[in-house]
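Have a go at each task before reading its solution.

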Amino acid sequence: MTRLDADPETYYAAGTRCDEAAVDLYTAFTTALQSLQRCGGMAGTFDTAHEWARSYDERTQIILASFDDAIRALENYAGVLRQAGHNHAMADHNANVDGGAPPTPPPLPAVLPGCTPAFPPSAGGPGNGLVDDGLGLAAEVGIPVPDGDTEKLDDACNIWNSLASSAEVTNASAAIRASAELFADVTSPEVDFIIDDLEEVVAAIEGLQGACGEMALSCSEYRTHIDEIRQRLADILEDLAIELAATAAIAIAASFVSFGISAAAGVAKSAQTISKFARIVRDAVTAWKVAKNIGRGVKASNDLKGLRLVLERLKTLGKKAVEKAKLKPTKKNIGELFQNGNKPKASDLEHYARSEGWTKTQSADGPAKFVDENGVVRLTIKKGSSRAPGSEDPHVELRDPTGQRIDPFGNPVTRRSPGNHTPIEWDMP
C-alpha cells in the first residue's frame with residue numbers, strides 16, 4: 001500500500017497562488033479591454049477594410065473570451081485545490097482518535113467581477129481618405145481611398161503587445177508554475193493530475209500570448225500598408241501640382257491625405273489634368289489592394305479552439321458530475337502502431353489523433369497536443385528536450401478519457417514512468 005505524504009497546507013498554498021494568478025490575468029485583461037475602447041473605427045470604411053475589420057473583431061472576441069476562460073479556470077481550480085487539501089486534513093483528523101475539533105478549510109476569496117469582452121467595431125472612420133479642398137479629384141477617382149486611422153492602429157498594436165508581454169501575465173504563469181512545483185515531493189494519487197492541469201493552464205496562457213502577438217503584428221502591418229499608399233498618393237499629388245503649375249499644400253493625416261492648391265492655370269487644362277490624375281490615383285489604389293491583400297484579415301495561426309476546450313474543463317471541474325467519456329471507435333487501435341516494438345512516426349500519431357476528432361492545439365514553442373471534446377489532452381507529441389531528464393528523445397504521451405496517463409496499450413502509468421515517454425520517429429518540421 002502506498003503511503004500518502006500530503007500536507008493540506010501545500011494544497012492551500014497552491015490554491016492561493018492560482019487565485020493570485022487569476023487576479024494578475026484579470027488586471028492585464030481589463031486594462032487591455034479598456035484601452036481597446038479607443039480603437040473603434042481604426043480600419044476605415046473602404047471595401048477590403050471591412051473584411052479585415054470583420055476578422056479582427058472576431059479574433060479579438062475569441063482572444064478576450066479565452067482570457068476570461070483562463071481567469072475562471074484559475075478561480076475554480078483554486079477551489080478544487082482547497083477542497084483537496086481539506087479532504088486530506090479531514091482524513092488526518094479522522095485517523096486521529098483524539099484529533100479534537102474537525103479542521104476548517106481556508107476561506108475562499110471574493111469572485112472577480114464578470115468580464116464581458118465588449119469593444120467597439122474596428123470598421124469605420126471619416127469615409128474620405130482623400131480630401132482635395134474642392135478640386136474634385138476625390139470624386140473623379142470613383143473608388144474609396146483607404147481611410148484607416150494609423151494612430152489608432154498604432155494604439156491597437158501597442159495594446160496587444162502589452163497584453164502579450166505584460167508583467168501581470170508573466171507573473172500569472174510564474175505563479176501557476178510555482179503551484180505545480182509545490183507538489184514535487186507530495187505523494188498522493190491525484191498529484192499527477194494536478195500537475196498536468198496546472199501545466200495545461202500555463203500552456204493556454206502561452207497560447208494566448210502568441211495570439212496577442214499575432215494581433216499586434218497584424219495591426220502593425222496594416223498601419224504600414226496604409227502609410228505606403230498614402231506616401232504613394234502624396235507623390236502623385238506633387239506631380240499633379242507641377243502639371244497644374246500651382247503651389248500645393250499636401251499633408252498626410254492619421255486617416256486621410258489632404259491636397260490644397262492655389263488658383264490653377266486654365267480651367268480646361270485643370271479639368272483634363274484632374275481626370276488624368278484621378279485615373280492614376282485609382283490605379284494606384286487598386287494595385288495596392290491587390291498587392292497587400294488586406295481582405296485576407298488578421299493572422300490567426302495560434303489555434304485557440306483546443307485551448308478553450310481545456311480551459312472549459314478546468315472551469316467546471318468539480319462543479320458537477322460528468323459522465324465519463326467513452327472511447328470512440330477508431331479506424332486503427334493506437335496500440336497497433338507500437339506492436340512488436342515498432343516506433344511510429346510523429347505524423348502517424350497526428351493522423352490517428354485527427355481521425356479520432358481531437359483538436360490540435362500548440363503554443364509557439366510547445367509540443368503538439370490533441371484535445372478531445374471534453375477538454376482532456378489525449379495525445380502529446382514531443383520532439384524531446386535535454387532540459388527534462390528522461391525526455392531527451394522524441395516521444396509520445398497518452399491519456400485515457402478520464403485524463404489518466406497510459407501507455408500505448410492502455411495500461412495506467414505515472415508521469416515519470418517509461419511508458420509515459422514512449423519513443424517515436426520524428427518526421428515533423
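**Exercise 1: A phenylalanine in a strand**

Phenylalanine 259 is buried, with a relative accessible area of 1%; buried means under 20% relative accessible area, exposed over 50% and partly exposed in between, with a 1.4 Å probe and protein chains only. Before going on, note that this is a predicted model, in which local features need pLDDT of at least 70 and side-chain atom pairs count only at pLDDT 80 or more, while totals for chains, interfaces and linings use all residues. Residues are numbered from 1 along each chain as its sequence is written, and side-chain values use heavy atoms, with hydrogens and water left out.

Task: Find where phenylalanine 259 is placed and which residues it is in contact with, leaving aside neighbours within four places in sequence.

Solution. 
- Step 1. Phenylalanine 259 is in strand β3. Helices (H or I, at least four residues) and strands (E, at least two) are DSSP runs, numbered from the N terminus.
- Step 2. Contact means heavy atoms within 4.5 Å. Beyond its neighbours within four places in sequence, phenylalanine 259 touches Val131, Asp132, Asp133, Leu135, Leu237, Leu240, Ala241, Ala248, Ala249 and Ile250.
- Step 3. Now look at the strand as a whole: four of the five residues of β3 (residues 257-261) are buried, so the rest of the structure largely encloses it.

**Exercise 2: Building the sheet**

Task: Work out in what order the three strands of the open sheet are arranged.

Solution. 
- Step 1. Two strands pair if DSSP finds at least two bridges between them. Strand β1 (residues 130-131) pairs with β3 in the parallel sense, over two bridges, and leucine 130 stands opposite valine 257 in β3.
- Step 2. Strand β2 (residues 248-252) pairs with β3 in the antiparallel sense over five bridges. Here isoleucine 252 has valine 257 in β3 as its bridge partner, and β2 and β3 form a hairpin with four residues between them.
- Step 3. Put together, the open sheet has the order β1-β3-β2, with mixed pairing. β1 and β2 stand at the edges with a single partner strand each, so one side of each has no neighbour in the sheet.

**Exercise 3: Aromatic pairs**

Task: Count the aromatic pairs and describe the one formed by phenylalanine 29 and phenylalanine 67.

Solution. 
- Step 1. Rings of Phe, Tyr and Trp (its six-membered ring) pair if their centres lie within 6.5 Å; planes under 30 degrees apart count as stacked, over 60 as edge-to-face and the rest as tilted. By this rule there are seven aromatic pairs.
- Step 2. The ring centres of phenylalanine 29 and phenylalanine 67 are 6.4 Å apart and their planes are at 40°, so this pair is tilted.
- Step 3. Phenylalanine 29 is in helix α1 (residues 8-36) and phenylalanine 67 in helix α2 (residues 47-95), 38 residues apart, and the pair links these distant parts of the chain. Both residues are buried.
- Step 4. Tryptophan 52 and tyrosine 222 also form a tilted pair, at 4.4 Å centre to centre and 55° between the planes. Tryptophan 52 lies in α2 and tyrosine 222 in helix α6 (residues 191-243), so this pair ties together parts 170 residues apart in sequence.
- Step 5. Tryptophan 52 is buried at 3% relative accessible area, and tyrosine 222 is buried at 1%. Trp52, Tyr56, Trp160 and Tyr222 form one aromatic cluster.

**Exercise 4: Positive phi**

Task: Is alanine 245 buried or exposed, and where is it found?

Solution. 
- Step 1. Most residues other than glycine have a negative phi, and most peptide bonds are trans.
- Step 2. Alanine 245 has a positive phi of about 55° although it is not a glycine. Alanine 245 sits in the loop between α6 and β2 and counts as exposed, at 59% relative accessibility.
- Step 3. Asparagine 293 has a positive phi of about 50°, and it is not a glycine either. Asparagine 293 is in the loop between α7 (267-292) and α8 (305-316), and at 39% relative accessibility it counts as partly exposed.
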